[in-house]
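Here is a short briefing to read alongside the coordinates.

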Number of protein chains: 2
Amino acid sequence: MHTTAGDRPSTALLTDHYELTMLQAALADGTAERDCVFEIFTRRLPNGRRYGVVAGTGRLLDAIADFRFGPAELDRLRGVLDDRTLAWLADYQFSGDIEGYPEGELYFPGSPVLTVRAPFGVGVILETLALSIYNHDCAIASAAARMVSAAGDRRLIEMGSRRTHEESAVASARAAYLAGFGSTSNLEAGRRFGIPTGGTAAHAFTLLHDSEADAFAAQIASLGVGTTLLVDTYDITQGIATAIEVAGPELGAVRIDSGDLGVLTIAARRQLDDLGATKTRIVLSGDLDEYAIAALAAAPVDVYGVGTSLVTGSGAPTASMVYKLVEVDGRPVEKRSSNKQSHGGHKSALRRHKTTGTATEEVIFRVAGDQPDPEPGDRVLPVPLMRAGERVPTVATLPESREHLRSAMVSLPWEGLKLSAGEPALTVTVLR
Amino acid sequence: MHTTAGDRPSTALLTDHYELTMLQAALADGTAERDCVFEIFTRRLPNGRRYGVVAGTGRLLDAIADFRFGPAELDRLRGVLDDRTLAWLADYQFSGDIEGYPEGELYFPGSPVLTVRAPFGVGVILETLALSIYNHDCAIASAAARMVSAAGDRRLIEMGSRRTHEESAVASARAAYLAGFGSTSNLEAGRRFGIPTGGTAAHAFTLLHDSEADAFAAQIASLGVGTTLLVDTYDITQGIATAIEVAGPELGAVRIDSGDLGVLTIAARRQLDDLGATKTRIVLSGDLDEYAIAALAAAPVDVYGVGTSLVTGSGAPTASMVYKLVEVDGRPVEKRSSNKQSHGGHKSALRRHKTTGTATEEVIFRVAGDQPDPEPGDRVLPVPLMRAGERVPTVATLPESREHLRSAMVSLPWEGLKLSAGEPALTVTVLR
């Protein structure tokens, strides 16, 4: 496989076959050169969600830099595409402009979260890859933000790697961290994105040993008394007693992974306090989602570990984003045969806020059309991401995007943070 | 990043942090050397499904061969793990035995679909990666098999890449092909796994042109009259008329991607026949799942294109597989603190069949315990996959696994193929 300037493999074949047959036909009749604008947006939020979170921007910009056709990619396409198209692809490097909502921004139905301006051939072949990244990462970050919101000041650990494809796991850890999770279990996410990783032991470690006390002693000898002991392999009350007996009251934390977590947590806290382990934290895991987290608000939990529901988007594993051609040579275009209508034209958007900072409305408007009347508290949402194929230097880092989302969440009207199904948190106005 | 003998990157960090801290503690107290058996199984099928499909086996064996710790991986772990553990990992290469249900086999709750026998340290660190691959690929293949079953003799095209993580997309295409889909839109799945790929054009290609007729003419000039024209960008009836006007009655196919597909298909077939295009096929796409496919059984559809519902496992995006330590130094072990009880001991399984070939029961038994009484029609399910760290030469190829599943589906009792929620298609008996 062609490897790019860095150590990453080419992303060029992570693409639907039809992108390249369209390219071939458009090269043949000259339309491949037409100046086009493509837009990523979604028509709806899933399951009555009230907001979505833009995620994947940083990954997409990397993936576009790696979107190159080397000998292995071209070999695969020989016999599928004609020589002219193969030669064109051999020279391909994205050369257009991209702007979009910054990573960590909120989005709503119709928000133009990413806009690609390029000749048709240059822009169309990014469709599949751009949507794969946005549909996955936005779905995970949107679910994760609800969990962070439900957890309040308590820390969240992402531990869902085993429940999803091994590479989705890395991207999920990134999306969760963006949304405010404190750490991940995924080591590659640590290496690739600098996300803090953590973990101590599983039930297997206890089962491996001749007794639970032996297992705890071995873990403490290796990882120190600040470690987290998993106390529910056999009997939780006995497990906690053994944990403190072996570790002493300075034990960092106990983890409970099964059972009626609310009841167990209260009992565990009391038991720990009675044993003098008043600083020993309680980590809960085991099929938690945002609703379970919210339901545990009154329980003495210190840390939540979230797995399956995070990596599956808590019921919405994909974000319904589409990548639509909206403008050709300055002329708005749109599909019109069904209820799937999209609004043509290159668009921008701004968000309006009260003087208190609370967001009130999102206004979407054509760049070449009527502009919204300016108001104090307006914030234009799209920012430049690539210019003439080069990533602009102002693209936010992952920690900056994390902070951006934190601020954006604070700006939502309080109803917008409700977990129950409802309308989008902001009114979206589309100027035609 | 460390790259392995082939051109693939190391898979070693696609792993939960705690696998390696457990390893460190077990190396320190000597338990890392204990002879262990780990088992992958699921406690339940999702959403009242009646069977699951084993998938990911070939991918896992490749990923295990690439599970090596090179300088980049070790650098990342310095400061996290002690020197003894880092040195051990630098030499790591899986050296154990693996057996399992062949890829394409059916599974039920409790089926021991994969068994890893190795010293604790050697086997435990594969947990995360093995589960990521099995939980993803089994979920997709299990959904795909229901779609194939619902489609009967009609061909299915996998086109969901844009709705899932870019690498999940490749694995999803593989799982769909395993389950009987005829082709995929994903070019990398073609390159990596030899799966047939296909595709022609999207709505963007029509919108790019000055008229639908121009777009169709350009596509036919480039791809030939056997191509598939997408006729629903503006008005479907007009689109079909234009398609045949431009292509003539030899047009390969039309594709309809939106609207009330049942009604539209009947009208489209009549219109095509009236225009003399009696051999022009009809391809349907647009939010199809197994239920929609079943509902279209009486409509004149030739090919279904399936996207979102395929790559999201049609409501079950993960397969609930777990990787449990079941035996230590010949002694069965099991967790017992909650309803999550697992059955200890190294297990095997056989499936019983009537003389007609219809499966009747799955029997799971301890290798070291009571054996089931042999009956004619018994088939032992696990096969060897790796011996002393080497892939055995008899591991099935992807086309062989595809044929294996086709036969296994035929062996199911007819109730087992129902799409409605219900009990597993076979009784599972566990001998204790």
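Strand 1 (residues 35-42) of chain A is largely enclosed by the rest of the structure, because 7 of its 8 residues are buried. Buried here means under 20% relative accessible area, with exposed over 50% and partly exposed in between (1.4 Å probe, protein chains only). Helices (H or I, at least four residues) and strands (E, at least two) are DSSP runs, numbered from the N terminus.

This is a predicted model, in which local features need pLDDT of at least 70, side-chain atom pairs count only at pLDDT 80 or more, and totals for chains, interfaces and linings use all residues. Residues are numbered from 1 along each chain as its sequence is written, chains are lettered from A and ligands numbered from 1 in the order in which they are written, and side-chain values use heavy atoms, leaving out hydrogens and water.

**Strand pairing in chain A**

- Strand 1 of chain A runs antiparallel to strand 5 (residues 114-119) of chain A, joined by 6 bridges; two strands pair if DSSP finds at least two bridges between them.
- Within strand 5 of chain A, Ala118(A) is the bridge partner of Cys36(A).
- Strand 12 (residues 321-328) of chain A also pairs with strand 1 of chain A, in the antiparallel sense over 7 bridges.
- There, Val37(A) has Glu327(A) of strand 12 of chain A as its bridge partner.

**Helix 6 of chain B**

- Helix 6 (residues 127-151) of chain B has 25 residues and reaches 36 Å from first C-alpha to last, close to the 36 Å expected at 1.5 Å a residue (1.5 Å times one less than its number of residues).
- Of those 25 residues, 23 are buried, so helix 6 of chain B is mostly covered.
- After helix 6 of chain B comes Gly152(B), with a positive phi near 60°.
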